[in-house]
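Subject: Structure handover

Hello,

Here is the structure I said I would pass on. Please open it and keep it beside this email while you read the notes below.

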Amino acid sequence: MTGSNARWVRVAVDYGAPIAFAVTFYGFGRNLILATGVLVAASMLALLVGYIVERRLAPMPLIAGGFALVFGGLTLFFNDPSFVKMKISSQNAAFAAGLLGGLALGKNPLKALLGASLKMADGAWRQLTLRYGLYFVAVAVANEFIWRTQSDAFWVNFRTALLPLAIVFSLSQTPFMMKNLQKPDEGDTAPEPPDPGV
């Protein structure tokens, strides 16, 4: 599979399940339980497709898919949509804790994940890690406020809006990475922003 096709498959893996969730919610009577069942099935399919295409389970889709399966499974088992709403908060809080906790311990967790594909100084990695950590905190806090105070439809709209927001945030970090990118090896291409994971 060519790099271009593989990239499209990666986009489908990253965003297919949340989109299927929103489409099902609005297409079938705003039923969160049914939409959650589709989310769980689509997450399993996304992980399978990602593994077939890349011959590995990439860390961010694996973690996001795992959260979808766990919290979606709890929603279906208890017939309580609160669990699937908590998924966004818990997932982003976990990402934030991993990144910011790593920084507090003097580590560079984002560099450990992406250092093979991006060559930057440690200071730039720390700055990028801090930015992503704070982004994940903001998403977790916003989700907690919205699902506890707003209607199901409003929350689904917010949850769907996180998809383009994640892309915009990642793209907004590209100039910083380009500025701090160290001399690329022959044949290297422009860096791809880290997947913010939704």
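The charged end of Arg131 lies over the ring of Phe176, at 4.3 Å from the ring centre. A charge counts as over a ring if NZ of Lys or CZ of Arg is within 6 Å of the ring centre and within 35 degrees of the ring normal. Arg131 also takes part in a polar contact, where its side chain meets that of Gln173 at 2.9 Å. The side chain of Gln173 makes a polar contact with the side chain of Ser172 too, again at 2.9 Å. A polar contact is a pair of N or O atoms within 3.5 Å; within protein, one must be able to donate a hydrogen and the other to accept it, and residues adjacent in sequence count only if both atoms are side-chain atoms.

Before the rest, a note on the source: this is a predicted model, in which local features need pLDDT of at least 70 and side-chain atom pairs count only at pLDDT 80 or more, while totals for chains, interfaces and linings use all residues. Residues are numbered from 1 along each chain as its sequence is written, and side-chain values use heavy atoms, with hydrogens and water left out.

Gln173 is in the loop between α7 and α8 (174–180). Gln173 counts as buried because its relative accessibility is 6%. Buried means under 20% relative accessible area, exposed means over 50%, and partly exposed is in between (1.4 Å probe, protein chains only).

Overall layout

The protein has eight helices and zero strands. Helices (H or I, at least four residues) and strands (E, at least two) are DSSP runs, numbered from the N terminus. Of the 198 residues, 41% count as buried.

Aromatic pairs

How many aromatic pairs does the structure hold? There are 10. Rings of Phe, Tyr and Trp (its six-membered ring) pair if their centres lie within 6.5 Å; planes under 30 degrees apart count as stacked, over 60 as edge-to-face and the rest as tilted. One of the pairs is Phe21 with Trp155, which is edge-to-face, with 6.0 Å from centre to centre and 80° between the planes. This pair links distant parts of the chain, with Phe21 in helix α1 (residues 3–27) and Trp155 in helix α7 (residues 152–172), 134 residues apart. Both Phe21 and Trp155 are buried.

Tyr132 and Phe136 form a tilted pair, because their ring centres are 6.2 Å apart and their planes are at 50°. These two residues are four apart in helix α6 (residues 122–149), so about one helical turn separates Tyr132 from Phe136. Tyr132 and Phe136 are both buried. They also belong to a cluster linked by ring pairs, together with Phe95, Tyr135 and Phe169.

Salt bridges

The whole structure has three salt bridges. A salt bridge is a side-chain nitrogen of Lys or Arg within 4 Å of a carboxyl oxygen of Asp or Glu.

- Lys85 and Asp152 have their closest N and O atoms 2.5 Å apart. Lys85 lies in helix α4 (residues 82–104) and Asp152 in helix α7, so the pair ties together parts that are 67 residues apart in sequence. Lys85 is buried, at 8% relative accessible area, whereas Asp152 is partly exposed, at 31%.
- Asp122 and Lys111 have their closest N and O atoms 2.7 Å apart. Asp122 is in helix α6 and Lys111 in helix α5 (residues 109–114), 11 residues apart. Asp122 is partly exposed at 35%, and Lys111 is partly exposed at 32%.
- Arg148 and Glu144 meet at 2.7 Å, N to O. They are four residues apart in helix α6, so about one helical turn separates them. Arg148 is exposed, at 55%, and Glu144 is partly exposed, at 24%.

Nonpolar patch

Leu45, Leu48, Val49, Tyr51, Ile52, Leu57 and Leu62 make a nonpolar surface patch of about 620 Å². Patches are made of residues with over 30% relative accessible area and no salt bridge: like charges are joined within 9 Å, nonpolar side chains (Val, Leu, Ile, Met, Phe, Trp, Tyr) within 5 Å. Accessible areas come from the Shrake-Rupley method with a 1.4 Å probe; for residues, only the protein chains shown count as cover. Helix α2 (residues 32–54) gives the largest share of the patch, five residues. Tyr51 is in helix α2 and is partly exposed, at 44% relative accessible area.

Regards
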